[in-house]
Amino acid sequence: MARPRKPLLSRDLIVETACALVDAEGLAALSTRRLAAELGVSGPSLYNHFRTKDEILEAVADSVSAQVDLSMFDDVRDWRTALRDWAVSYRRALSAHPHMVPLLARGPGRRPAALRVADAAFGAMVDAGWTPAQATSIGALIRYFVMGAALGSFAGGFVDDESAYDPAEYPRLGQAHLLAERQQVIDERAFETGLSALLDGLAVQFAAAASRGA
């Protein structure tokens with residue numbers, strides 16, 4: 001029988017399948033045995049591409065980081081707009097893969113795409129006029145904010161049962177049972193409110209620093 005023109009297994013296919021499995025069932029569902037079964041191959045064949053399950057997870061995490069748009073940093077004369085666009089793209093990537101957020105929250109480590117994200121954000125802020133120390137703090141600040149937003153839903157934390165919020169005990173939560181059905185709108189609005197507040201604060205700091213340096 002002739003050999004197939006393309007290999008049955010590749011790093012990209014393994015990462016894609018592992019990501020789909022984690023998206024559907026969470027990090028705990030991923031094992032080399034389960035992944036091999038999903039791919040229709042024997043377990044040992046995975047080790048021709050990855051040495052350990054942790055290496056697979058690192059590659060999956062990096063594939064999520066690679067989805068973050070960095071084009072806004074090509075021209076950072078308007079650093080505020082660049083940060084806003086970056087935060088929105090960053091959150092969109094994490095929200096598409098919420099089960100990966102705890103792993104991504106550990107930091108970039110040695111992951112190439114994640115390091116490119118950090119490098120682009122840091123370099124752009126320095127080029128825009130922030131000091132290296134400030135640029136580091138800004139990158140960390142946006143990362144904390146986006147990670148927190150991606151970890152869960154404020155509105156989704158309320159149940160749609162009016163009886164759960166007895167006005168005798170919670171006099172201000174008479175409409176709380178309506179939050180869950182408007183989860184996406186409320187969470188988007190909260191994200192935009194928080195992001196605008198962060199950027200407003202940074203703008204004040206930037207202006208103050210410029211005034212001191214004048």
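These notebook entries record what I looked up in a predicted model of one protein chain.

**Ground rules.** I number residues from 1 along the chain as its sequence is written. In this predicted model, local features need pLDDT of at least 70 and side-chain atom pairs count only at pLDDT 80 or more, while totals for chains, interfaces and linings use all residues; side-chain values use heavy atoms, with hydrogens and water left out.

**Fold.** I found 8 helices and 0 strands, where helices (H or I, at least four residues) and strands (E, at least two) are DSSP runs numbered from the N terminus.

**Core.** I then examined the largest nonpolar core, which has 51 residues. Such a core is a set of buried Ala, Val, Leu, Ile, Met, Phe, Trp, Tyr and Cys residues joined through side-chain atoms within 4.5 Å; buried means under 20% relative accessible area, exposed over 50%, partly exposed in between (1.4 Å probe, protein chains only). H4 (79–95) is one of the helices that each supply at least two core residues, and H4 gives the largest share, 8 residues. Leu83 is among the residues with the most contacts inside the core. Leaving aside residues up to four places away in sequence, I noted that Leu83 touches Met125, Ile138, Ile142, Leu199 and Leu202, contact meaning heavy atoms within 4.5 Å.

**Helix H3.** I checked the length of H3: its 13 residues should span 18 Å at 1.5 Å a residue, and its end C-alpha atoms, 19 Å apart, agree with this. The expected span is 1.5 Å times one less than the number of residues. Its buried residues include Ile56, Leu57 and Val60, and the buried residues of H3 pack against H1, H2, H4, H5 and H6.
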